[in-house]
Every structure is written in C-alpha cells, then in structure tokens.
Amino acid sequence: MTERSDAPTDTPGGSARSADPAGNRPANSAEQPWPVRSIAVKVAQWIERLGSVWVEGQITQISLRPGARTAFLVLRDPAADMSLTVTCAPELLRNSPVPLQEGSRVVVYGKLSYFTGRGTISLRVTEIRPVGIGELLARIERLKALLAAEGLFDPRLKRPIPFLPKAVGLITGRASAAEHDVLTVARERWPAVRFEVRNTAVQGPTAVPQILDALAELDRNPDVEVIVLARGGGSVEDLLPFSDETLCRAIVAATTPIVSAIGHEPDNPIADHVADLRAATPTDAAKRVVPDAAAELALVHELRERSAAALRGWVQRESRALEQLRSRPVLADPLRLLEQRHEEVERLRAATHRAVDHLLTAESTTTRHLRDKLTAVGPAATMARGYAVVQRVTGRERHVIRAVADAPPGTQLRIRVADGAISAATLGSQNLGGTRNTKEANDDRQ
C-alpha cells in the first residue's frame with residue numbers, strides 16, 4: 001500500500017524538506033529525519049481510514065466518574081493477552097438493558113482514534129450490545145459442531161490415563177475449593193502422590209492465556225504424566241474460558257493426557273469433549289487419576305486369595321486325576337497284563353505242541369499203514385511165500401526173466417529167494433501152454 005505524501009514536510013525550523021526524485025514522499029534520512037508530529041499525523045490519518053468497526057471482547061475495567069462526560073473501559077480479547085482502550089458516553093453504560101460490569105462479554109460499534117498529543121489509540125464507541133446467555137450458548141454450539149466435524153471429539157484420539165503417574169499436573173484457581181478437593185482426595189487415596197500445581201485465573205479475560213501458559217509448561221515437564229483442569233461450578237459466563245477454541249485446540253495438541261473436571265455434572269463445556277477423560281467434579285477427577293491404595297491392597301489380597309484357591313483347586317484336580325490313573329489295573333498291577341499274556345502264550349504253546357504231536361502221530365500211523373501195505377504187496381513178502389525172482393546174468397548186467405524165451409538153455413541165471421540168491425544155468429524150458437522142445441522155441445524166437 002502506497003502512503004500518501006500528505007503529512008507535513010516542514011522542518012523544525014520551518015523550512016520545507018526536499019522530496020525524493022519521484023515526488024511521492026518527502027525524503028527521509030539520518031540527515032533529514034521526520035519530526036514526531038509528522039509521524040503522529042500520518043498514523044492518525046491511516047487509522048482514520050479504518051472507519052467504524054464492530055468489535056467483540058470482554059470488559060476488564062470500567063472507569064465512570066460522577067459528572068464526567070466520558071467513560072473509560074478496557075476491552076480485552078478472551079483468547080489472547082491483548083486489550084484496547086474504549087471511550088464512550090456515560091449514558092451508554094447507564095442505559096444498558098443488561099448491567100455491564102467487569103467480566104461482561106460485549107459487542108461494541110465505534111471508530112478508532114489516535115491522539116497525537118499522547119500517542120495513544122482508543123476506540124470511541126457509540127453502541128454497546130451485551131452478549132446474552134442465549135447468544136453465548138449458540139456460539140458454543142457452533143464451535144462444538146465445527147470441532148466435531150474436524151474429528152477432535154473422536155474417541156480414538158483419547159489417550160489412556162496412566163495407572164499410577166509419577167506426577168500429576170493440576171491447573172486450577174488459587175486457594176480454590178477445586179484445588180482443595182483434588183489434593184485432599186488424591187492424598188487420602190495415595191499418600192505418596194506428587195502434584196505439580198499451577199494456579200491461574202479460571203474465569204474472566206485473563207483465564208485463557210494463563211491456562212494456555214500453564215498447560216504448555218506442564219506438557220513439557222517429563223515427570224508430569226497426566227494433567228487435570230479443575231474448576232468448581234459457575235454460570236455460563238464463568239465457564240466460558242473452557243469453551244474457548246484456542247484452549248480446546250491446545251488440549252488436543254498436548255502430548256500429555258488431560259482430564260477435564262470443570263464445574264459439576266450438568267456443566268458441559270467444550271473442554272470436556274476434547275479432553276482425554278471427563279470427570280463429573282474435581283473430586284471425581286482425583287479418584288480417576290490416583291488409585292485408592294486401600295482398595296488396591298484389598299484387591300491384591302483378594303487376587304492372592306483367588307490365585308491360592310485356584311492353585312489349590314488345580315492341585316486337587318490333578319491329584320484326583322493321578323489317583324484315578326494309579327487306580328487303573330494297568331498301573332495298579334503293571335505285570336498283570338504281562339502275566340496274562342504269558343499264560344496265553346503258554347496255552348498257545350501247549351496247544352501247538354498237542355497239535356504237532358497229534359499231527360506226527362497221525363502221519364506216523366499213516367506211514368505205518370502205507371509201509372505195511374507196501375510190505376504186503378512188495379517182492380520180499382511175495383518171495384517169503386515161496387516165490388523167486390529169476391535174472392539173466394550177462395556180464396555185469398542183470399535182466400529179469402519174464403518169459404521162457406528170455407532164458408534159452410545154457411543161460412546163466414541168478415535166482416533170488418527170500419533169504420538169498422542162487423546161481424544156476426538153464427537146461428531147458430517148458431511152456432505151460434504145451435510141451436515144446438528147445439529147438440522149437442529157438443525157432444519161434446527167430
């Protein structure tokens with residue numbers, strides 16, 4: 001944006017300053033500095049260009065003196081450590097439909113002014129509108145819908161609370177009932193618990209900046225494993241800092257789990273939704289963050305008893321199972337099965353022997369019968385009855401004579417009888433069919 005060269009260009013002695021080559025503004029250097037009045041006038045002119053604006057903030061100071069024609073206020077940003085001086089006619093404060101006091105949220109309409117004599121800026125307002133509870137609740141609901149749409153209420157983002165933290169960070173008002181409740185209940189439950197307490201404003205225009213600073217400090221502390229935001233009950237206006245967008249986003253961005261214990265059960269600021277755990281009251285927060293030593297010891301004792309009972313039950317079951325196994329015949333008398341098998345083997349052996357003996361006896365009888373049959377029909381038995389076997393002896397060969405023609409006269413014979421053999425020779429032959437001489441027999445063979 002180009003500045004206009006409408007500021008005075010006179011030197012302190014009254015002489016005009018030289019302009020730059022472009023002619024847009026007076027030259028400025030260490031040798032030719034601008035006077036304070038030039039800067040003041042330029043600032044006033046630029047602020048004048050802003051015109052009238054609507055501004056929202058929280059009243060932190062009201063100065064209304066009797067008989068004065070101007071009332072002074074200080075308007076502070078609820079989410080930042082910034083303030084603005086406001087002036088107005090006293091009638092605006094006196095005729096307000098809602099009594100204005102320090103801590104009230106308002107929307108003002110006015111125009112900024114720069115007082116060149118003092119070098120200060122103030123907002124001269126002509127209209128002041130108190131922000132009612134309905135409007136505040138509507139804004140909270142709109143902010144809640146926005147944060148929910150961004151996923152900041154997602155349960156998957158919630159971090160688990162440690163069982164027994166090394167140190168607990170506590171952000172609360174100084175000497176407040178909430179601080180007393182948290183510390184008292186926590187130390188009654190676990191006397192060794194250690195707290196890092198940060199006292200801040202918990203309502204009013206300075207609450208959010210102080211809480212943000214304390215939250216950042218505790219989040220950087222490696223010993224602090226959980227942070228508790230605690231405040232007692234109050235009106236909607238009192239709990240507004242805990243529905244501030246900046247604070248809610250800081251809670252989500254923190255790396256340390258945060259417990260929100262704001263107000264009582266019906267109170268429901270947005271910090272409850274973005275925190276990792278919501279406690280109904282500060283006392284409830286102490287119970288959720290710090291375990292009860294007596295209850296834990298009782299639980300340990302109960303678990304030990306249950307473990308011992310379970311172990312005894314298991315030993316008894318296993319003992320009964322062993323007794324059942326030991327009472328089984330195979331384990332009560334391990335050799336009984338072997339003895340039964342031994343007896344069975346002996347029975348089988350005896351049966352085998354009997355079967356073999358029976359088979360041998362039967363085969364022996366059969367063999368004897370066959371032998372007797374062979375003996376009865378054999379040549380020895382026949383010869384014993386008076387028969388003989390006549391063989392023709394030719395050199396070393398012997399041939400059985402089966403016909404008269406096989407033994408012509410002069411043939412060497414061997415006659416075998418039952419008790420030996422007789423050597424003989426053929427003198428002649430006789431055919432049982434008729435008497436024939438030897439010569440005829442020879443002729444017939446020829």
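Author: Arginine 349 and glutamate 346 sit three residues apart in helix H11 (residues 334-377), so about one helical turn separates them. Helices here are DSSP runs (H or I, at least four residues), strands are too (E, at least two), and both are numbered from the N terminus. The two side chains form a salt bridge, with their closest N and O atoms 3.4 Å apart; that term means a side-chain nitrogen of Lys or Arg within 4 Å of a carboxyl oxygen of Asp or Glu. Arginine 349 is partly exposed at 44% relative accessibility, and glutamate 346 is partly exposed too, at 34%. (Buried is under 20% relative accessible area, exposed is over 50%, and partly exposed is in between, using a 1.4 Å probe and protein chains only.)

A quick word on the source: this is a predicted model, where local features need pLDDT of at least 70, side-chain atom pairs count only at pLDDT 80 or more, and totals for chains, interfaces and linings use all residues. Residues are numbered from 1 along each chain as its sequence is written, and side-chain values use heavy atoms, leaving out hydrogens and water.

Now for another pair: aspartate 223 bridges to lysine 166, with the closest N and O atoms 3.9 Å apart. This one ties together distant parts of the chain, 57 residues apart: aspartate 223 is in the loop between H5 and E8, and lysine 166 in the loop between H3 and E6. Both also belong to a salt-bridge network with Arg194, Glu196, Arg198 and Glu217. Altogether, the structure holds 19 salt bridges.
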